[in-house]
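Visitor: I have a few questions about the words used for this model. Could you show it first?

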Amino acid sequence: MENSLSPAAITSNLETHFVGQRVIYYPSVVSTMVVAKQEAQQGAVEGTVVIADEQTAGRGRLRRVWLSPKGNIALSVILYPSVAYLPSLVMLASLAVIHSIEAVTGLKSQVKWPNDVLINGKKVCGVLVESVVRGDIVDYAIIGIGVNVNLRPYDFSEIQTTATSLSDELGRDVSHLNVIRCLLIELERLYLALPAGDSIYQEWRNSLVTLGRRVQVKSGKTIYKGVAESVARDGSLLLRHPDGSLSKIVAGDVTLRD
Ligand code: BT5
């Protein structure tokens, strides 16, 4: 199974208008987010993809570490959306991952609010959206996606019990080129569908493993407990407390309690 990429292999006959038509590839890089940010600041064409076989300092939210050794997908996509669409980017990225995993492997996955994709309760993908906004103008937005394709979580003590990979789930290696190409097509399709209405929000909400479950949410230094009742259109979580009150949580980490 090929584990090294080439821009030509990614872009060749890729059925997109702009996402992935320009690819910047590294065998190894600190983080594709760092390069994508530099590119965006220099006005890179929309849909530019920065991709690497491995990242030496891949990152998650809040400066957490994202492990992305060779065999995984680590990519960042540069977009220039209008400000109204910013909350939808994490939704469409998660859905693009779910669709691509199913198309290439047949595996079903779900979203754990706000930015994880899970298979059988274990994390197979993390999404990171970073943007720079001035007033109502988005300078740029970058969607970062890390997918465990042919990783063996057992080899990494930090994620041994919490993570999975496509190869672990299937019992065989998976072509990460197929997953990447499918992902780029899906990202563009869903991005272009944003002006048409809120179907992405609806599908994202229906993909959430979290809703209706008793959860604990850590947001900053606060820990909330309750039932994850719904999600708002801006992506925030609506949590019903035992006393009947409702909290709207913009960002946090969810632990399922049942
Ligand atoms: C995320 O953060 O899940 C977002 C990850 C985004 C990674 C992509 S790869 C391409 C681009 N370049 C980057 O540098 N980043 C983006 P968060 O929700 O904060 O989750 C981080 C947590 O996930 C860590 O604290 C670990 O517990 C766990 N983790 C780390 N590596 C993992 C992996 N490979 N698989 C599953 N879980 C992992």
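Guide: Start with a term: a polar contact is a pair of N or O atoms within 3.5 Å; within protein, one must be able to donate a hydrogen and the other to accept it, and residues adjacent in sequence count only if both atoms are side-chain atoms. The model is predicted, so local features need pLDDT of at least 70 and side-chain atom pairs count only at pLDDT 80 or more, while totals for chains, interfaces and linings use all residues. Residues are numbered from 1 along each chain as its sequence is written, and side-chain values use heavy atoms, with hydrogens and water left out.

Visitor: What makes α2 a helix, and which of its residues are buried?

Guide: Helices are DSSP runs of H or I with at least four residues, strands are runs of E with at least two, and both are numbered from the N terminus. Helix α2 spans residues 32-41. Buried means under 20% relative accessible area, exposed over 50%, and partly exposed in between (1.4 Å probe, protein chains only). In α2, Thr 32, Met 33, Val 35, Ala 36, Glu 39 and Ala 40 are buried.

Visitor: Why are the buried residues of α2 said to line one face?

Guide: The arc is taken from the directions from the helix axis to the C-beta atoms. Seen down the axis of α2, the buried residues fall within an arc of 160°, so they line one face of the helix. They pack against strands including β1 (23-29) and β2 (49-55); contact here means heavy atoms within 4.5 Å.

Visitor: Why is His 241 called buried?

Guide: Its relative accessibility is 17%, so His 241 counts as buried. His 241 is in the loop between β10 (237-240) and β11 (246-249). Among the residues it touches, not counting those up to four places away in sequence, are Tyr 224 and Leu 246. The side chain of His 241 also reaches the backbone oxygen of Lys 225 at 3.4 Å.
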